[in-house]
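Here is a colleague's note to read alongside the structure. Keep the 3D view open and look up each residue as it comes up.

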Amino acid sequence: MLFPHTASRRLEFRPASDGDHDEVTRAFLRSGVENVSPTEQPTTRCLADCDAAFLVARRGRGDILGFSALHGRDQAGHIRCAVYLDPARARLGVGSEAIYLTINYAFAMFDVDRVIAQTTEATLGSVGMSPGSSSADRVLRDFLYFRGRHWDLHGFQLSRSEWEEHVDTGHLDPVLGPGLGWRHDPYRTPLAS
């Protein structure tokens, strides 16, 4: 059984609501990926369509680094994952931690078999990949235009069985911190070392 962890060694997820509109809009703008019109109220639309939405904060200090969401859950057992982090504030693997927490939350909380994500080469570096080393399932060449140029859109998907295999190896346990595991209730005492 997977547990829905909302904290890692360096991050904590706080539930996002319509009252967090300004913070979520800032996260979109800082990421540089979205063009947001102030009159459009994108977060209200975005949050209403989400199955889960979180502000991503630095653990212990509380400063907001970005926004994470799960959306588009369908009858085929798929859900989409979105993580928008401020590149200037989210360094040294913090993007990977946010993605791991988001993926695990999807599999722990929802009856889904696949998590789907998309990104451009502008953000591959934040999760430790380069365009040449991308393990994307599909790449749509020159699909998006932002920051004054065309970008390839990289599509990724992860099945529940693949995620559980990653969890069971224990290699991702250090993301959570000492004495914690993805199959351990985060609200109970830590595992014995």
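## Notes on a predicted model

1. **A buried ring to start with.** Phe 13 has a relative accessibility of 6%, and because buried means under 20%, Phe 13 counts as buried. Please keep in mind from the outset that this is a predicted model, not an experimental one.

2. **The partner of that ring.** What is the angle between the ring planes of Phe 13 and Phe 54? The planes stand at 35°, with the ring centres 5.1 Å apart, so this pair is tilted. Phe 54 is buried too, at 7% relative accessibility. Phe 13 belongs to strand E1 (residues 11–15) and Phe 54 to strand E2 (residues 50–58), so the pair ties together parts that are 41 residues apart in sequence. Tyr 105 joins in as well: ring pairs link Phe 13, Phe 54 and Tyr 105 into a cluster.

3. **Another aromatic pair.** The structure holds four aromatic pairs. Among them is the pair of Phe 13 and Phe 54 described above. Do also look at Trp 163 and Trp 182, which form an edge-to-face pair, 5.7 Å centre to centre and with 80° between the planes. Trp 163 lies in helix H5 and Trp 182 in the segment after H6, so this pair ties together parts that are 19 residues apart in sequence. Both Trp 163 and Trp 182 are buried.

4. **Helix H3, end to end.** Helix H3 covers residues 94–109, which is 16 residues, and at 1.5 Å a residue it should span 22 Å. The C-alpha atoms at its ends are 22 Å apart, which agrees.

5. How many of the 16 residues of H3 are buried? The count is 12, so H3 is largely enclosed by the rest of the structure. The buried residues of H3 include Val 94, Gly 95, Leu 101, Ile 103 and Phe 107.

6. **Salt bridges.** The count of salt bridges comes to eight. In one of them, Arg 14 pairs with Glu 12, with the closest N and O atoms 3.0 Å apart. Arg 14 is partly exposed at 30% relative accessible area, and Glu 12 is partly exposed at 24%. In another, the side chains of Arg 58 and Asp 63 meet at 3.5 Å, N to O. Is Arg 58 buried or exposed? Arg 58 is buried, with a relative accessible area of 19%, while Asp 63 counts as partly exposed at 22%. Those two values lie on either side of the 20% cut-off for buried, so the two labels should be read together with the numbers.

7. Asp 168 forms a salt bridge with Arg 183, and their closest N and O atoms are 2.7 Å apart. Asp 168 sits in helix H5 (residues 160–169) and Arg 183 in the segment after helix H6 (173–176), so the pair ties together parts that are 15 residues apart in sequence. At 53% relative accessibility Asp 168 counts as exposed, whereas Arg 183 is partly exposed at 31%. Elsewhere, salt bridges that share partners join Arg 9, Arg 10 and Glu 97 into one network.

8. **The overall picture.** Now zoom out. The protein has six helices and seven strands, following the pattern β-α-α-β-β-β-α-β-α-β-β-α-α along the sequence. Of its 193 residues, 44% count as buried. Among contacts with a separation of 6 or more, residues 24 or more positions apart account for 60%. The accessible surface comes to about 10,300 Å², and 50% of that belongs to carbon and sulfur atoms.

9. **Where to be careful.** The mean pLDDT is 80, and 75% of the residues reach 70 or more. Which element has the lowest confidence? Helix H2 (residues 42–48) does, at a mean of 56, while E1 is highest at 95. Over residues 34–44 the pLDDT is below 50, and this stretch has 18 contacts in the model beyond near neighbours in sequence.

Definitions and conventions:
Residues are numbered from 1 along each chain as its sequence is written. Side-chain values use heavy atoms; hydrogens and water are left out. Helices (H or I, at least four residues) and strands (E, at least two) are DSSP runs, numbered from the N terminus. The expected span of a helix is 1.5 Å times one less than its number of residues. Buried means under 20% relative accessible area, exposed over 50%, partly exposed in between (1.4 Å probe, protein chains only). A salt bridge is a side-chain nitrogen of Lys or Arg within 4 Å of a carboxyl oxygen of Asp or Glu. Rings of Phe, Tyr and Trp (its six-membered ring) pair if their centres lie within 6.5 Å; planes under 30 degrees apart count as stacked, over 60 as edge-to-face and the rest as tilted. Contact means heavy atoms within 4.5 Å. Accessible areas come from the Shrake-Rupley method with a 1.4 Å probe; for residues, only the protein chains shown count as cover. pLDDT is the predictor's confidence in each residue, from 0 to 100.
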